Amino acid sequence: VSPAQDNRHVVVVADDDADIRGLVAVQLEAVGYEVHVAEDGEAALALALELRPSVCVLDVRMPGLSGYEVTRALRTRLGDAVRVLLLSASVERDKVHEGLEAGADAYMEKPFTAKELRDRVRELLGNREAAWAARC
Amino acid sequence: MQIPMLRRRAGKPPENRSAGAIVVRRLLPAAIVLPAVVAAIRLVGERQGLYGTTVGVALFAAVTIVLTVVLVLWTARRIDALEASRAELESERDRFYSLSPDLLCIAGTDGYFKRVNPAFTTVLGYSDEELLSKPYLEFVHPDDHDATVHEADRNELGVATIRFENRYACKDGSVRWLSWRAVPAGERIYATARDVTELKALATMKDEFIGLVSHELRTPLTSIRGYLELVLEGEAGELTERQRTFLGVVDRNSERLLRLVGDLLLLAQIDAGQFSLDTGSVELRELAGECVEAATPKSVELGVALHLTAADAVFVEADRVRLAQVFDNLVSNALKFSSRGDEVELRVGRREDRAVIEVVDRGVGMSAAEQEQLFTRFFRSARASREAIPGTGLGLVITRAIVEAHRGGIEVESAEGVGTTFRVEVPLAADAVDSVSEVAA
């Protein structure tokens with residue numbers, strides 16, 4: 001069963017901070033996405049492999065598997081079928097490059113506004129659809 | 001040894017005080033002149049019949065012996081005095097050598113220490129004998145072998161070391177970071193090293209602190225601002241006007257806190273030398289337009305007119321986010337220090353090979369004394385303090401650091417009662433400069 005059947009994009013959100021996890025979920029659910037949350041990297045990876053989401057929103061710094069590691073695993077297992085957005089509270093810009101090297105599609109610094117998050121996710125889905133269209 | 005003698009004859013002050021030079025200088029002329037003169041006097045005396053040959057020979061021998069003995073004793077005293085002063089110099093040097101907390105050594109180009117000071121034992125734990133008995137490379141951390149060999153090769157070629165860091169293994173198994181300076185002289189290398197292990201640890205701690213503050217302050221702020229935004233969006237139900245007003249206060253102040261955290265982190269990065277630019281082609285007229293748009297609500301609230309004057313597109317090679325921060329800081333200052341009904345103008349243009357950004361206000365202006373302190377951390381002008389104009393005194397410090405990182409400069413012109421102009425200049429993008437000269441041609 002494809003999760004995208006009811007035309008709602010599935011998004012997996014992972015952050016070890018429950019408040020942020022809840023915040024991202026509400027910000028995205030409010031505009032119609034089907035959101036599933038995970039509290040660490042392992043859970044996020046398991047959830048993503050099971051649900052095949054359109055987008056994963058991952059915190060960089062999580063206990064166990066980091067956002068980078070989950071991104072790498074997702075790229076290996078799911079190819080470019082999933083879009084990855086990394087979130088980080090760090091101000092070090094090296095991290096941006098590290099995230100993109102790991103295969104993430106976008107990177108966002110905390111704090112972000114609901115609008116920034118929604119715009120970014122929409123952009124990623126646009127890219128994804130364009131990529132699918134190009135392939136067909 | 002002849003050279004110092006010649007120098008002396010040429011009328012130069014005595015420089016070489018080696019024992020050999022003293023002996024030669026004093027005894028050699030005497031050895032030649034003395035017998036000749038005494039023999040001549042003896043001959044003259046004999047010819048005039050003052051004494052016979054026997055007395056003449058005896059007198060000659062006696063005078064020569066006495067004069068030679070006097071000369072030798074005089075020379076010996078000079079040499080003794082010289083040695084005493086030399087021993088004094090050596091003991092002075094040795095006192096400093098023993099006193100120095102820094103490591104001082106003489107190494108040979110054969111790869112061995114020739115002499116080490118007591119600080120070596122204090123820092124590394126090995127005795128002098130242990131340090132001199134093995135090639136020094138054996139005390140260097142294996143990961144730093146290659147770099148150390150490379151540096152020693154450079155010394156051997158005659159290149160001095162200004163700063164070179166490597167790790168040494170201590171006798172107790174610990175590792176210390178040493179920062180070296182060295183100067184080669186023939187077969188020997190004179191070197192000093194400072195134990196920078198603690199400094200390195202502090203630098204690491206500072207980095208970790210920056211990371212921690214960055215994460216631990218920004219994460220809760222993300223939650224505060226994010227949920228607040230949801231409530232203000234009506235996600236948790238309709239708000240009364242009073243609720244909206246109160247939450248507006250929370251919103252403004254959390255934003256202020258966020259900005260402060262951002263400024264402090266940026267300063268910490270600048271101090272730690274970790275401030276780097278993410279450069280690309282940036283068009284300043286467009287960036288200035290965005291800044292004016294963002295500042296418009298504030299200017300309307302304050303009743304200050306905000307204009308942008310920019311004739312042409314101006315391209316620079318810059319970090320877009322940081323440069324936007326420069327615009328925002330200068331415009332927000334100009335608005336804060338203007339009165340209702342005043343005007344603030346943001347101008348973007350170019351002069352020769354530089355882009356020029358000016359922020360002009362017709363506000364209260366500043367005294368010369370205040371202008372001097374403007375770029376000092378946490379400085380607030382008298383008016384800012386008196387009228388409780390919000391700010392931390394960090395904005396201009398950061399603005400200047402960003403401008404300077406772009407190889408640019410910032411200056412201020414201000415007169416009390418007339419207004420203030422901040423002028424920022426940064427180099428134009430290389431291709432933008434070319435197109436200007438083509439037009440000129």
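Figure 1. Chain B exposes about 25500 Å². Carbon and sulfur atoms supply 57% of that area. Accessible areas come from the Shrake-Rupley method with a 1.4 Å probe. Of the 441 residues in chain B, 37% are buried (under 20% relative accessible area, 1.4 Å probe, protein chains only).

**Figure 2. The fold of chain B.** Chain B has 14 helices and twelve strands. Both are DSSP runs: helices are H or I with at least four residues, strands are E with at least two. Take the contacts (heavy atoms within 4.5 Å) between residues at least 6 apart in sequence: 57% join residues at least 24 apart.

**Figure 3. Where chain B meets chain A.** Chain B gives 22 residues to the contact, and chain A gives 23. B:H215, B:R218 and B:T222 lose the most area on the chain B side, together 28% of what that side buries. The two chains bury about 2000 Å² between them (accessible area lost on being put together, 1.4 Å probe, summed over both).

**Figure 4. Salt bridges across the interface.** Two salt bridges link chain B and chain A (a side-chain nitrogen of Lys or Arg within 4 Å of a carboxyl oxygen of Asp or Glu). A:E109 pairs with B:R218, with the closest N and O atoms 3.1 Å apart. The elements of chain B that give two or more residues to this side are α7 (197-232), α8 (241-271) and α10 (320-336). The largest share, eleven residues, comes from α7(B).

**Notes.** Residues are numbered from 1 along each chain as its sequence is written, and chains are lettered from A in the order in which they are written. In this predicted model, local features need pLDDT of at least 70, side-chain atom pairs count only at pLDDT 80 or more, and totals for chains, interfaces and linings use all residues, while side-chain values use heavy atoms, without hydrogens and water.

Notes: Buried < 20%, exposed > 50% of the residue type's maximum accessible area, 1.4 Å probe, protein only.
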